[in-house]
Amino acid sequence: MTEPHVQRAIDEGMAPAAVADLVADAITANRFWVFTDPHFTQMALDRWQRIAGGHNPQTDVDMPGLPPAKQLRAEIQQLLAGQRGALWLPGDPDQAVDRRIGSRSTVSGDVPGGT
Amino acid sequence: MELTAGKVAVVTGAASGIGLALAERFARAGLDVVLADVEQPTLQAASEKIAGLGVKTLAVPTDVSDEAAVNALASAAIDRFGAVHVVCNNAGVASLADPWFGPLSAWKWVLGVNLWGVIHGIRAFLPVLATQGEGHIVNTASVAGLVPGIGPSYDATKHAVVAISEDLYQAMNVAMLPVGVSVLCPGWVRTSIAQADRNWSPSLGEVPHGRRLPR
């Protein structure tokens, strides 16, 4: 479900050679941190502000390069509904049924990682 | 540390992606390069490509999750070149298996490569760098080392790599050892990490199938 989105983000990502240039510069300058995308560092700042404030983890956070988190959530919930809650389908369909029954409290209630 | 001809760089995960780009960047600066990767045919091709830039190369098939293999990599590098100046603990994988209902083997694989690979790399090469009086270690983490969201096993290993790198940086400064440390936290990069299953370790059993949720 999310894999095509991730693949597109990767395909549209930074060229490895550009990353290597940043690493070489960091070695020469004896610089510890090597970042490639300021949007993610801003996400880290926002996360730590919530941590410092004692707030619960924020859900539905948009990640740079991916569709809006709410869209991803809807897609995942649609997928789970279509599979009646099976998060992982092993080769044996009966085993999948057992797994769904065994984890019913999770699959019928919450989406893991969501709210 | 200046990147100049005559120095030696070791790069794990060097057959493709960021690792291959690092190897090429170092070669263009004149460094000889030791390329390590578990993906052997691709590794050989990468080594030949880098050698085509006019530097010496050594390709060492290496499973970085295996301590003995990484120690052997360090020995091979020293035997071939007599010194190592830059070490990039770069090899990394990501699993598509469901982290909570899928097989534990997917966790073991990701932790083995992404976390233990970095630990083994530091421990194998640090004595070399410290005693020769010059060196730099680069650990490849990710933005997932700063913000969770890619997947729990991947996020956990990358957070750990950031923490280990900071600890190593502090230790080198306290001990006044001449070893620089950097941690790479890239965002999206055009690599084949989404197809990392191609390098699944058979020792962990069958490749787990399924899908993982992003958060």
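In this predicted model, strand S2 (residues 32-37) of chain B runs parallel to strand S3 (residues 57-61) of chain B, and the two pair over 5 bridges. Strands pair here if DSSP finds at least two bridges between them; helices (H or I, at least four residues) and strands (E, at least two) are DSSP runs, numbered from the N terminus. Between S2(B) and S3(B) the chain passes through helix H2 (residues 40-51) of chain B, giving a right-handed β-α-β crossover. Right-handed means that, with the strands pointing away from the viewer, the path from the first strand over the helix to the second runs clockwise.

| Strands | Bridges | Residues opposite each other |
|---|---|---|
| S2(B) and S3(B) | 5 bridges | B:Leu35 and B:Ala59 |
| S1 (residues 33-35) of chain A and S6(B) | 3 bridges | A:Val34 and B:Leu184 |

Now to where the chains meet: 42 residues of chain B are in contact with 47 residues of chain A, contact meaning C-beta atoms, placed from the backbone, within 7 Å. Helix H1 (17-28) of chain B gives the largest share of chain B's side, 7 residues. That side divides into 26 nonpolar, 9 polar and 7 charged residues (nonpolar: Ala, Val, Leu, Ile, Met, Phe, Trp, Tyr, Cys and Pro; charged: Asp, Glu, Lys and Arg; polar: the others, Gly among them).

Over in chain A, helix H3 (residues 38-52) has 15 residues and should span 21 Å at 1.5 Å a residue, which agrees with its end C-alpha atoms being 21 Å apart; the expected span is 1.5 Å times one less than the number of residues. After H3(A) comes A:Gly54, with a positive phi near 75 degrees.

Residues are numbered from 1 along each chain as its sequence is written, and chains are lettered from A and ligands numbered from 1 in the order in which they are written. As the model is predicted, local features need pLDDT of at least 70 and side-chain atom pairs count only at pLDDT 80 or more, while totals for chains, interfaces and linings use all residues.

Definitions and conventions
Two residues are in contact if their C-beta atoms, placed from the backbone, lie within 7 Å.
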